[in-house]
Amino acid sequence: MASILIKDTTREQREQIVRESLGDDYDVGCGYESTGINYQLYIDGIKELRELNMEANCGFEVAHPEERKSGCNMM
């Protein structure tokens, strides 16, 4: 499998990665609300998928990292 890191992909490739991962119902630029993860941050090259998934697993909003649950192992 090829790298999905921001540094190794173009914006178009990141859009395709998100589309393929979430299926045909996902509309790039919106629709991420149902997943609880703002994939646009990955597409725009701001955050890696790993970061977004870790944030979601910690149970806090991406926009409010100060509200993460205690005991989360995010660094």
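**Figure 1. Length of helix H1.** In this predicted model, H1 has 12 residues, which should span 16 Å at 1.5 Å a residue. The expected span is 1.5 Å times one less than the number of residues. The end C-alpha atoms of H1 are 17 Å apart, which agrees. H1 covers residues 11-22. Helices are DSSP runs of H or I with at least four residues, strands are runs of E with at least two, and both are numbered from the N terminus. Gly 23 follows H1 and has a positive phi, near 95°.

Figure 2. Arg 14, Glu 15, Ile 17 and Val 18 of H1 are buried. They cover an arc of only 160° around the axis, so they sit on the same side of H1. The arc is taken from the directions from the helix axis to the C-beta atoms. Glu 12 and Glu 20 are exposed on the other side of H1. Buried means under 20% relative accessible area, exposed means over 50%, and partly exposed lies in between (1.4 Å probe, protein chains only). Cover for the buried residues of H1 includes helix H2 (40-43) and helix H3 (49-58). Contact means heavy atoms within 4.5 Å.

**Figure 3. Glu 12 in H1.** Glu 12 lies in H1. Its relative accessible area is 55%, so Glu 12 counts as exposed. Glu 12 and Ile 43 are 31 residues apart in sequence. In space, their C-alpha atoms are 8.0 Å apart.

**Figure 4. Thr 9, ahead of H1.** Thr 9 belongs to the segment before H1. Thr 9 is buried because its relative accessible area is 11%. Residues up to four places away in sequence aside, Thr 9 touches Ser 3, Ile 4, Arg 14, Ile 17 and Tyr 42.

**Figure 5. The largest nonpolar core.** This core has 10 residues: Ile 6, Ile 17, Val 18, Ile 37, Tyr 39, Leu 41, Tyr 42, Ile 43, Leu 49 and Leu 52. H1, H2 and H3 each give two or more residues to this core. H2 gives the most, with three residues. A nonpolar core is a set of buried Ala, Val, Leu, Ile, Met, Phe, Trp, Tyr and Cys residues joined through side-chain atoms within 4.5 Å.

**Figure 6. Leu 49 and the buried residues of H3.** Leu 49, Leu 52, Glu 55 and Cys 58 are buried in H3. H1 and H2 are among what covers the buried residues of H3. Leu 49 contacts Ile 4, Ile 17, Tyr 39 and Tyr 42, leaving aside neighbours within four places in sequence.

**Figure 7. The whole protein and its confidence.** The protein has three helices and zero strands. Of its 75 residues, 32% are buried. Among contacts with a separation of 6 or more, 33% join residues 24 or more positions apart. The mean pLDDT of the protein is 76, and 60% of the residues score at least 70. pLDDT is the predictor's confidence in each residue, from 0 to 100. Confidence is lowest in H3, at a mean of 85, and highest in H2, at 94.

**Conventions.** Residues are numbered from 1 along each chain as its sequence is written, and side-chain values use heavy atoms, without hydrogens and water. In this predicted model, local features need pLDDT of at least 70 and side-chain atom pairs count only at pLDDT 80 or more, while totals for chains, interfaces and linings use all residues.
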